[in-house]
Amino acid sequence: MSRLNSDIMVIQDSLSTNISMVARGVVFVAGSLIIMLWIQWQLGLVTCVAMIPIVLLNGYFNHYIRNLQREIQQEQSSR
C-alpha cells in the first residue's frame, strides 16, 4: 500500500508540473506573438509562416523517435 501511495504521488507531481509548464509556454508564445504583431505586423506574419514547416518537421521527428523506441523495447523484451 505504501508503494502504491508513493507511485501515485510521483505521478501526481509530474502531471501538475507538466501542466504548469505547458500553460506557461502557451502564455509565453501568445504574448510574444501579440507583441511581434503589434510592433511590426509584417515581420510577425513572416515569423508565423516560417514556423509552419518547423512544426511539421517536429511532428514527423517525434513520430520517428517514438517508432524507434517501440522497436528497441520489443527487441529488449524478446531477449
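The chain has two helices and zero strands. Helices (H or I, at least four residues) and strands (E, at least two) are DSSP runs, numbered from the N terminus. This is a predicted model, where local features need pLDDT of at least 70, side-chain atom pairs count only at pLDDT 80 or more, and totals for chains, interfaces and linings use all residues. Residues are numbered from 1 along each chain as its sequence is written, and side-chain values use heavy atoms, with hydrogens and water left out.

**Overall shape**
- The radius of gyration of the chain is 20 Å, while a compact globule of 79 residues would have one near 12 Å.
- That radius is taken over C-alpha atoms, and the globule rule is 2.2 Å times the number of residues to the power 0.38.
- The C-alpha trace spans about 55 × 30 × 5 Å along its principal axes.

**Surface and burial**
- Of the 79 residues in the chain, 1% are buried.
- Buried means under 20% relative accessible area, exposed means over 50%, and partly exposed lies in between (1.4 Å probe, protein chains only).
- The chain's accessible surface is about 7400 Å², and carbon and sulfur atoms hold 69% of that.
- Accessible areas come from the Shrake-Rupley method with a 1.4 Å probe; for residues, only the protein chains shown count as cover.

**Helix α2**
- Tyr-60 sits in helix α2, which covers residues 41-78.
- Tyr-60 counts as exposed because its relative accessibility is 58%.
- Glu-71 has a relative accessible area of 48%, so it is partly exposed.
- Glu-71 and Leu-45 are 26 residues apart along the chain, and 40 Å separates their C-alpha atoms.

**After the helix**
- Arg-79 lies in the segment after α2.
- Arg-79 has 81% relative accessibility, so it counts as exposed.
- From C-alpha to C-alpha, Arg-79 is 29 Å from Arg-3, and the two are 76 residues apart in sequence.
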